[in-house]
Amino acid sequence: MPNSSETGQLYSKAGWRSVPARPSLSEVHRSLLVPPSASFMRKLLAFAGPGFLVAVGYMDPGNWATDLAGGSKYNFTLLSVIMMSNLMAILLQALSLKLGIVTGRDLAQACRDHFSRPVSFVLWVICELAIAACDLAEIIGSAIALNLLFHIPLLAGVCITALDVLLVLFLQNKGFRYIEALVITLIAVIGGCFAWELIASRPDVIGIAKGFIPSSQIVTDPGMLYISIGILGAPVMPHNLYLHSSIVQTRRYELNAAGKRQAIKFATIDSTLALMFALFINAAILIVSAATFYTRGRNDVAEIQDAYKLLSPMLGITGASTLFALALLASGQNSTLTGTLAGQIVMEGFLNIRLRPWLRRLITRGIAIIPAIIVTVISGESGTTNLLVLSQVILSLQLSFAVFPLVMFTSSKLKMGEFANGPTVKYLAWFIAIVIGSLNAWLLVQTFRSWFGT
């Protein structure tokens, strides 16, 4: 790892006020060597991993409800919307990794350098709320899965799920590759479960192909438009942008222009492949929902518990519901692992405060688990469903505060030099940022209207 003076020489740019501070996740920073003279495949394997940690945020329990509702109500029509949301995510994550590789800063550190101290503090508070909200969704999703699989009470499931912070600490002490290996294994479990569900549900292949073609009905049908905006507006988890810009720096590549350019290429391939797998998972949830529920006239299935109860009886196959719940459990556990890492990155990046990893993750988990326990005790299953909705609203509120700075930084020649976004990428990125911001604002208005009955 370069010392601080070397870091200043390597990364200092006219557009930054200071040289990069001590990196977040310093215990694993530049810990994985990328052989400079290795073959294409060896380099690709060396960079493989961070993209999959990011991809879990796109298949977390908070996204399942919109996929289930879209399939049960509108058959395969909204597959095109899932594909568009995935393409937006691919571009934004590519910008995130480029920021980290080129500048040696994660997004939180870049914000702290660029904005005033009060603005940075506000951005940190908003981001912490978003991470806690996301963590809340994963805890509840995992608790629901444990309840469905093993009949463990929701309250006990919430407490059990909170303990996975210990697993993160153990694996990170062993090396970052162990965390990546666990995440990829859990993703493989999710993929395997839904591959089996797809075969068992026997969907209409021609209908699926047509579903990937955008339809004007999506815009003209108010109900379809509402679910579409939910799919399009909240696919990008804000903490993923902070996370990716940091963990991509776990690779030890050459810190010259050629080395950075090569690192961007391989990291983008890793990210794109991982997000295409996330596209498969989200599309599979919608397809299974359409093939199982829509074709049998059940257009009201939007909650995870309902889908679990109905899958096996409606497909007539024992084990279909169990595999669905197993995939949910793997999804929830995966997302909590990456969420705890993001929490450490955000606190260290925005505030330059170094807490022991176990203490930082304990704080993150405590912020999420306390409301989860309270609501579970008071309201039970119905309360946790409402809490999931609230968590998605909080995420929507924070998203633009991460996307707009990211696009601004990566489009700046002063900050990025020769790696600044070209005109096409720049205008496309700003268009996506505005679209996501607008859609999330619309979703928030509609959510508040439904809450207050207006």
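Is R251 buried or exposed? I looked this up in a predicted model, where local features need pLDDT of at least 70, side-chain atom pairs count only at pLDDT 80 or more, and totals for chains, interfaces and linings use all residues. Residues are numbered from 1 along each chain as its sequence is written, and side-chain values use heavy atoms, with hydrogens and water left out.

**Entry: R251.** I find R251 buried, because its relative accessibility is 0% (buried is under 20% relative accessible area, exposed over 50%, partly exposed in between; 1.4 Å probe, protein chains only). R251 lies in strand β2, residues 251–252 (helices, H or I of at least four residues, and strands, E of at least two, are DSSP runs numbered from the N terminus). I list its contacts (heavy atoms within 4.5 Å), leaving out residues up to four places away in sequence: R30, L32, V34, A46, F47, A48, G49, P50, F176, R177 and E180. For A48, I note that the R251 side chain reaches the backbone oxygen at 2.9 Å.

**Entry: M347.** I place M347 in helix α17, residues 320–351. M347 counts as buried because its relative accessibility is 10%. I also checked M347 against V125: the two are 222 residues apart along the chain, and their C-alpha atoms are separated by 9.5 Å.

**Entry: V377.** I find V377 in helix α18. V377 is exposed because its relative accessible area is 56%. Helix α18 spans residues 357–379.

Key. Polar contact = N/O pair within 3.5 Å; in protein donor to acceptor, adjacent residues only side chain to side chain.
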